[in-house]
Amino acid sequence: MKNFIKNKKLQSPPLCNWFELLIILLIGWFVLSGIFERKFIIYGLLTCTIISLVCYQSFYMKGIHSDVYYFLIHVNPFRFAVYFLWLMKEIIKSSLSVTINVCKGGKSLHPQIVWFRADYDNPAARALLANSITLTPGTVTVDILEDGTYSVHALTEGAKEGLLDGTMQRKVASLFHEEIDYQVLEAEEVERSRKMVHLIETTFGRKGRMKRI
C-alpha cells in the first residue's frame with residue numbers, strides 16, 4: 001500500500017481517488033436502498049468503505065502513450081454534468097434528424113465509413129468518445145486503432161458532418177484536460193496506419209499497453 005501511494009506516476013493522489021469511489025458507492029447505496037434508518041446508514045458506510053478500499057486500485061489504468069496511471073472515474077463532476085447535458089441535446093437533435101431522413105428514404109440516406117484521429121492518452125477519454133459516438137443516433141463506432149484512429153459508420157451526410165467537425169472530440173479532451181491533435185483521415189491514411197500496426201505487432205509481438213497496476 002505504501003509503495004502504491006508513493007507511486008509518482010499516478011495522475012492524482014490515491015487518497016482522493018479512494019474518496020471519489022467511496023462517495024459514488026455511497027450515493028448508489030442510498031439511491032438504490034431508499035432507506036435512511038440509522039442502522040442501514042451504518043451498514044452502508046461500512047460496506048462502501050470496505051469495498052472502496054479493496055477495489056479502488058483496480059480503477060487505475062496506464063496511459064496509452066505515456067507511463068502515467070489514470071484513475072478512470074477521476075473527472076470534474078461539474079464539467080461532466082455540462083458534457084452530459086450537451087450530449088443529451090445532441091442525441092435528441094440526431095434522433096429527429098435520423099427519423100426524418102429514414103421517413104424520406106432513398107437518397108437522404110448515405111451510409112458510409114469515416115475516419116478521424118484523436119490521440120487521447122487517458123483510456124477513459126478514448127472509451128467515453130467511442131461510447132458517445134455510438135449513443136448518438138446516426139453514428140456507430142466500428143473500430144479504434146492504437147494510434148487513436150477511429151473508424152465510424154455514419155448513416156447520413158448530416159451525421160458525418162456533425163461528427164467530423166471535431167466538437168465532440170474537443171469536448172472530451174477538455175473534460176479530461178488533454179490536448180489532442182485532431183485530424184480527419186482518408187481511407188489511404190487509415191490503411192497505412194493498419195499496416196504499420198500489423199508490422200509492429202508481427203515484429204515485436206502485441207503488448208497490452210493499457211495495463212492495470
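## Close-up views of a predicted model

**View 1. A125 sits in helix α5.** Helices (H or I, at least four residues) and strands (E, at least two) are DSSP runs, numbered from the N terminus. This is a predicted model, in which local features need pLDDT of at least 70, side-chain atom pairs count only at pLDDT 80 or more, and totals for chains, interfaces and linings use all residues. Residues are numbered from 1 along each chain as its sequence is written, and side-chain values use heavy atoms, with hydrogens and water left out. A125 counts as buried because its relative accessibility is 0%; buried means under 20% relative accessible area, exposed over 50%, and partly exposed in between (1.4 Å probe, protein chains only). Leaving aside residues up to four places away in sequence, A125 touches Y120, V172, F176 and E178. Contact here means heavy atoms within 4.5 Å. A125 and S174 are 49 residues apart along the chain, yet 9.7 Å separates their C-alpha atoms.

**View 2. The largest nonpolar core has 24 residues.** Such a core is a set of buried Ala, Val, Leu, Ile, Met, Phe, Trp, Tyr and Cys residues joined through side-chain atoms within 4.5 Å. Y83, F116, Y120, L129, I133, Y150 and V172 have the most contacts inside it. At least two residues each come from α4 (77-104), β3 (112-117), α5 (123-135), β5 (149-154), α6 (157-164) and α7 (167-175). Helix α5 gives the largest share, 6 residues. Another core, of 6 residues, lies apart from this one; L10, L21, Y56 and F71 are among its members.

**View 3. Strand β5 pairs with β3 and β4.** Two strands pair if DSSP finds at least two bridges between them. β3 and β5 run antiparallel, joined by 6 bridges. Of the 6 residues in β5, 5 are buried.

**View 4. Y150 and its contacts.** Beyond residues up to four places away in sequence, Y150 touches V114, W115, F116, A118, Y120, R126, L129, A130, I133, T141, D143 and I144.

**View 5. H177 lies in the loop between α7 and β6 (183-185).** H177 counts as exposed because its relative accessibility is 61%. Its phi is near 55°, a positive value in a residue other than glycine.
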